[in-house]
Amino acid sequence: MASREFIYEKFADYYSNSSLNVPQPTLMGQREFGFLLLKERAMVRHKSFMEIKDLRRFLSENVPSDVYHSCAYYENPSFEMDKKGWLGADLVFDIDADHIPTLCNKIHDEWTCGKCGFAGKGITPETCPVCGGVKFDTKTWPCELCLNSAKEETVKLVDMLEKDFGFASKEIRVFFSGHRGYHVQVEAEAVRMLDAMARKEIVDYVSGLGLALLEEQASEKTVTGRRRRRGSGSFSLHDFGWNKRLKAGMRKFILNATKDDLRAVGIRSYALLQNKDAVLSRCLEEGRWDSVKGVSVETWRRIARHVKELESAKIDTVVTTDLHRLIRMDGTLHGKTGLLKKEFPAERLTSFDPFVEAVAFKEGTAKVSISDAPEFRLSGKVFGPYRNEVAELPTAAAVLLICKGRAEVV
Amino acid sequence: MQMETVRFTENDLAKYPFLKETAEYMKKLGLKIEELENPEMAPILDRAQERVKEAILSVGVGRKRENYVEIPSFPVAIMLAIATKNSFIKKRYALAEAKQAFSDMQYETNERIMAIAADFDWNIALNRNPAIPLELAVNFTDYLRNTTHLRDKNWKLVNRLLANGKVYLNKHDAARLLQEEVQRRIEKRLEAKELPSLPEKITAMAEQLLELAREKIGEQEMEGFPKVVSQSAFPPCIIALYEAASKGRHLSHVGRFTLTAFLVNIGMPPEKVAELFKSFSDYNERLTRYQIEHIAGERGSRTQYTSPQCSTLQTHAVCTGSDALCRRVHHPLAYYRIKLRQRTSEPPKK
C-alpha cells in the first residue's frame, strides 16, 4: 500500500512540476485521449482537449499511471466510437522486445504457474512442466539486450520508411516507448487516409511477408513481375527496395559464410564456398542463378529466405493496422517503469540511451526492500543484482523496481 | 503540373465517358430527360440500354457508336442502372465499363495514361531513372488504394519496385489499376438514390433489364450455411484457435476476434460462443457476452462482422500454415463452405 502511495506521490509530483515537458500532439483537438488512473485503477477514455494547458492540468489533477491518445483524428473525439467521425490516422509502428527473439532469451523475465505456483525464469512455457497448467503470471524486465534488439529492428524500419516509402526524415518521428521498445509515428498528410487494408500491405512490406522469389510458385517470375525467359535461369535484382535488401544481404551472407552457416539454413552442398567470387559475380550480380555447378536455384531460395528474416523489421502487426489505436503520449510516464516515452531524432537511433535520456525522476532517494532484480543501469549508475535486501536508491531506480513489482517501500 | 495541359478529345470522351470532362460536354449538349422519348434520341437510348444489357449478359458494354451517340449514352446508362434499383446490375455495370476502359487504355500512350490518372488525382510521372526498366512511377498511396483487394501475389507491394515513395509500373499495370478507379467512380455514381421522375420508356427499359438480371442471378444464388455447426469442416487456423480457447490458452486479440466472428458467421448462437471463452483466466461473462453480441451485430453499430480473410490472418500470424484446400481459397469461410459441400456429397460413414 505504501508503495502505491509512493508511486502516486512521485507521478503527481512529475505532472505538477514538470508537465511543461509534455509536448502538444499534432492536431490535438481532433484526437481522443485515454488515461489509466492510478488511484481509481480505471481506464478513462473518450476525452478530448482543445489546448495543451487543459491536458496538463488534467494530468496534475488526476495523476494517471499511463496516458494515451488516438492515432486517429476525429470530428468529435469525445463521442462514443460509432459517432466519432473518423477523419484519418497517423501511420504508427510499435516495436516491442516481446515480439523479437533476443540474445538474452528473456532470462530476466519470471513466470509463475497460476495453478500450482511453480515458477521459472526466461520465456514463459506453453504448459507448466509440473502440473500442465496453462495460465501464468509473468514479471518482465526492460533489459539492455532486449532494448538493443528492438533498436536494431527500428533502424531497419526507419531505413525502409525513408528509402523505400520516401518519407522525409522530419516526417518520421521516433520514440522510446518507456518500457521495452520503440514507437515510430508518421504524421504525413499522405498517409492519413490509408485504410486498414493498405496499412496491412505496408506491414507485409516491412515484414517481408509474401515476398516472391522465396516462394515456389513465384519462381518463374522475376521480382519486377516480368516473366523470365524459359531455361535461361536468369533475372537480376535491382538496386531498389526489397531487391536491394535481398542482394546486399545475400552478398554479406556469402562473404561470411562457413559450413555451419550453410547447414543452419539447410544447405548441404558446400560448392558455394569454393568459388565465392564467381558465385557473387555470375549469380548475384548478373542474375544467372544456376550458372555455378552445385549451387541450385533452391539453394538461393534458402539463402534469400534467411536474408529476408534478417532484413525484415519485426513489428507488432496489430498496432499498425488498427485505425482507432490509442498510443502512449510523448513526454508522459510509463506505469510499468516510471520512465518517459521520449522522442529523439531518427539519426540518433544508434546513440540514444533510454536508461539515461528517458529518466524522469532525477532527485531524491528512497529506501526499498527488493525481492529480486537483475543488474541494471540508470542515469549512468549501475545497480544490483539484488536478492531479498533493503537498499537506499535514487528515486528513479526505486520507482522502476516498485513499478516492476520487484520491490516495496520500507 | 504538366498534366493540366492535356486536353481530352471527343474520341477520348467516347472511349472514357467516366472522365470529369464528360460533364462539360453534356452541359454544352443541354440534353433534357423529358427529351429522351423524342424519336431522334432513340439511338442514344438504345445504346444506353445496350450498355447495361451487355454488362448483365457478358460483362461487356457492346460496340461503340458515333461520338454524339456514344458519349451521352453513358450518363443515360447510369440513370437506367440506378432505375433498376438492383445491386447486382449496378455492380456488374460498373465492372463492365471498367473492364472496357482497361482494354482500351492498353493502346494509349504513356502521356494519355497519365492524363487519365490525373483525372483520378493520382500522383504519377514518367520514370526518369534509367536503372529501372518500367515506364511509369506512381505514389505508393495511389498504388495501395487500387491493389489491396487484388489477389495475385504479384500485386503485393512487397513484390514491387518501391523507391522513394514511388511504385514503378509498366503501362499495362497502370491501366489495370485505373480499371479499379473507374469501377469505384461508377459505383459511386450508381449509389444515388434520388432520381428525377423518369419518362415511361425508361422505366419500362429498367423493368426489362431487371427481368434479364433475375434470370441471370437465378443461376448463381448465394447459398447460406446450414443450421448445424460442423466442427470437422473447420479450416486449420480455426481448429487451432478453437482448441486453444477450449483449453483456456492465451489468444491474441486478432485470434479471439477471428474465432468469434467465424463461429457467429457460420451460425453458432452467441451464448454457445461465450461458453467457449469460459476457461480464460481473464473471463468476464458480461464483457464476453457484450463483445460477442457486438460482433454478431446485435449491439452497437448493428453491423455483423465477418471473420478476416486469409491474407489478414497471415499478416497477424494467426494462420497456422495451410493444407491443400487452403491453397484454393482466400477466406476461412470459403474453406468451411467447400468442406461442408464435399462431406455432404460423400456417403455417410458407418
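This is a predicted model: local features need pLDDT of at least 70, side-chain atom pairs count only at pLDDT 80 or more; totals for chains, interfaces and linings use all residues.
Is A:Glu285 buried, partly exposed or exposed, and what is its relative accessible area? A:Glu285 is partly exposed, at a relative accessible area of 38%. In chain A, 410 residues are present and 53% of them are buried; chain B has 350 residues, with 49% counted as buried.

**The two chains**

- Chain A has 12 helices and 18 strands, and its C-alpha trace spans about 75 × 50 × 40 Å along the principal axes.
- Chain B has 15 helices and 4 strands, with C-alpha atoms that fill a box of roughly 70 × 60 × 40 Å along the principal axes.
- Among contacts with a separation of 6 or more, residues 24 or more positions apart account for 65% in chain A and for 69% in chain B.

**Where chain A meets chain B**

- On the chain A side 41 residues are in contact with 34 residues of chain B.
- The area buried between the two chains is about 3200 Å², and carbon and sulfur atoms give 62% of that area.
- Between the chains there are 14 residue pairs in polar contact, counting pairs with both residues at pLDDT 80 or more.
- The side of chain A that touches chain B draws at least two residues from each of helix H3 (144–163), helix H4 (196–207), helix H5 (241–256) and helix H10 (317–321) of chain A.
- H4(A) gives the most to this side, with 8 residues.
- By residue type, the chain A side divides into 18 nonpolar, 11 polar and 12 charged residues.
- The rule finds 2 salt bridges across the interface; one of the salt bridges in the model joins B:Lys156 to A:Asp204, at 2.8 Å from N to O.

**Salt bridges within the chains**

- Over all chains, the search finds 53 salt bridges.
- A:Arg406 pairs with A:Glu110, with their closest N and O atoms 3.2 Å apart.
- This pair links distant parts of the chain, 296 residues apart: A:Arg406 lies in the loop between helix H12 (395–403) and strand S18 (407–409) of chain A, and A:Glu110 lies in strand S7 (residues 110–113) of chain A.
- Both partners count as buried, because A:Arg406 has a relative accessible area of 2% and A:Glu110 is at 18%, under the 20% cut-off.
- The opening residue, A:Glu285, forms a salt bridge with A:Arg251, the closest N and O atoms being 2.7 Å apart.
- That pair also links distant parts of the chain, with A:Glu285 in helix H8 (residues 276–285) of chain A and A:Arg251 in helix H5 of chain A, 34 residues apart.
- A:Arg251 is partly exposed, at 31% relative accessible area.
- A:Arg302 and A:Glu298 form a salt bridge at 3.7 Å between the closest N and O atoms; they are separated by about one helical turn because they are 4 residues apart in helix H9 (residues 297–311) of chain A.

**An enclosed helix in chain B**

- Helix H6 (residues 110–119) of chain B is largely enclosed by the rest of the structure, because 7 of its 10 residues are buried.
- The buried residues of H6(B) include B:Ile113, B:Met114 and B:Ile116, along with B:Asn110 and B:Asp119.
- Their cover includes helix H5 (87–105), strand S1 (124–126), strand S2 (136–139) and helix H8 (171–190) of chain B.
- After H6(B) comes B:Asp121, whose phi is positive, near 60°.

**Cysteines**

- The count of disulfides over all chains is 0.
- A:Cys71 counts as buried at 2% relative accessibility, and A:Cys283 counts as buried at 0%.

Definitions and conventions: Residues are numbered from 1 along each chain as its sequence is written. Chains are lettered from A and ligands numbered from 1 in the order in which they are written. Side-chain values use heavy atoms; hydrogens and water are left out. Contact means heavy atoms within 4.5 Å. Buried area is the accessible area (1.4 Å probe) that two parts lose on being put together, summed over both. A salt bridge is a side-chain nitrogen of Lys or Arg within 4 Å of a carboxyl oxygen of Asp or Glu. A polar contact is a pair of N or O atoms within 3.5 Å; within protein, one must be able to donate a hydrogen and the other to accept it, and residues adjacent in sequence count only if both atoms are side-chain atoms. Ala, Val, Leu, Ile, Met, Phe, Trp, Tyr, Cys and Pro count as nonpolar, Asp, Glu, Lys and Arg as charged, and the others, Gly among them, as polar. A disulfide is a pair of cysteine sulfur atoms within 2.5 Å. Buried means under 20% relative accessible area, exposed over 50%, partly exposed in between (1.4 Å probe, protein chains only).
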